[in-house]
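Dear colleague,

Please find below the structure that I am handing over to you. My notes on what was found in it follow directly after it.

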Amino acid sequence: MRLAIIPARGGSKRIPRKNIKPFAGQPMIAYAIRAAQESGLFDRIVVSTDDDEIAAIARQFGAEVPFMRPPELSDDHAGTVPVIAHAIDACAALGWQATQVCCIYPGVPLLRVADLRAAHALLDAGDADYAFTVAPFPAAVQRALRRGADGKMAPFNPEFVRTRTQDLEPGYYDAGQFYWGTAAAWQRGQSPHENGKGLVIPEWRAVDIDTPDDWRRAELAFQAFAGIED
């Protein structure tokens, strides 16, 4: 059985009620639910939450909320891997035995169904325990600078100062959209970053929404690029 698990706690601080705040006409979490539905990849789409209002809205858009997340996994320190492992166990107790599980974050209005399918194909290849989207850094990470208290700048990596940009290895960052994984890997507590393959997507689609500025940038990107393919 393949499960989509959307972790959506109620206590978001920097953007209050972020997971159900209206974004381009519908609650934010609806985009993750809809992408999972449209992908046709999942036997069940489950939302893990500690919040009754989020649960009600998730059900309204067609997801299942068969359990409530416990308080110890709902604070600011709860990590993604233990939250998903808990959800897998809770579903197993209902007889839903998962073999592959995709954690889809609730704030992903730019998520593409094609990326869910392509990353699932990477996982299905069998030589990695996870697959997820990454985006290229817009500039060479080896050229990063540090700024001292006096405002003076210095390179983090002085050994690369004289290396041509085209000769430097590209760097990537986690797009913050989803992690496909085997159920066993989630339950072993393995890190996606240390045990996964990356599916490269364009930088403009990797908007991690943590602040009001991120939210505004995501709205502008959503409006500007709606319907545009890569």
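Contact here means heavy atoms within 4.5 Å. The model is a predicted one, in which local features need pLDDT of at least 70 and side-chain atom pairs count only at pLDDT 80 or more, while totals for chains, interfaces and linings use all residues. Residues are numbered from 1 along each chain as its sequence is written, and side-chain values use heavy atoms, with hydrogens and water left out.

Not counting residues up to four places away in sequence, I104 touches A4, I5, I6, P7, A32, A36, F42, L111, L116, Q177 and F178. I104 and W180 are the residues with the most contacts inside the largest nonpolar core, which has 53 residues. Such a core is a set of buried Ala, Val, Leu, Ile, Met, Phe, Trp, Tyr and Cys residues joined through side-chain atoms within 4.5 Å; buried means under 20% relative accessible area, with a 1.4 Å probe and protein chains only. Helix 3 (residues 80-92) gives the largest share of this core, six residues. Another core, of ten residues, lies apart from it and includes F23, L110, V207 and A221.

Helices (H or I, at least four residues) and strands (E, at least two) are DSSP runs, numbered from the N terminus. Helix 1 (residues 28-39) is largely enclosed by the rest of the structure, because nine of its twelve residues are buried. Those nine are M28, I29, A30, Y31, A32, I33, A35, A36 and S39.

In helix 3 sits A87, which is buried at a relative accessible area of 0%. Beyond four places in sequence, D115 is in contact with T133, F178, L199, I201 and R205.

Finally, a cavity is a set of points, on a 1 Å grid over the protein atoms alone, where a 1.4 Å probe fits but cannot get out; lining residues have an atom within 4 Å of a point. Grid points are joined across faces, edges and corners, and a volume is the space filled by probe spheres set on the points. One cavity of 30 Å³ or more was counted, and the largest cavity holds about 60 Å³ of space. Its lining includes G107, L110, Q177, R205 and V207. Strand 9 (residues 172-182) supplies the largest share of that lining, three residues.

Kind regards

Key
Buried < 20%, exposed > 50% of the residue type's maximum accessible area, 1.4 Å probe, protein only. 1 Å grid on protein atoms, 1.4 Å probe; cavity = no way out; pocket = protein on both sides within 12 Å on 5 of 7 lines; lining within 4 Å.
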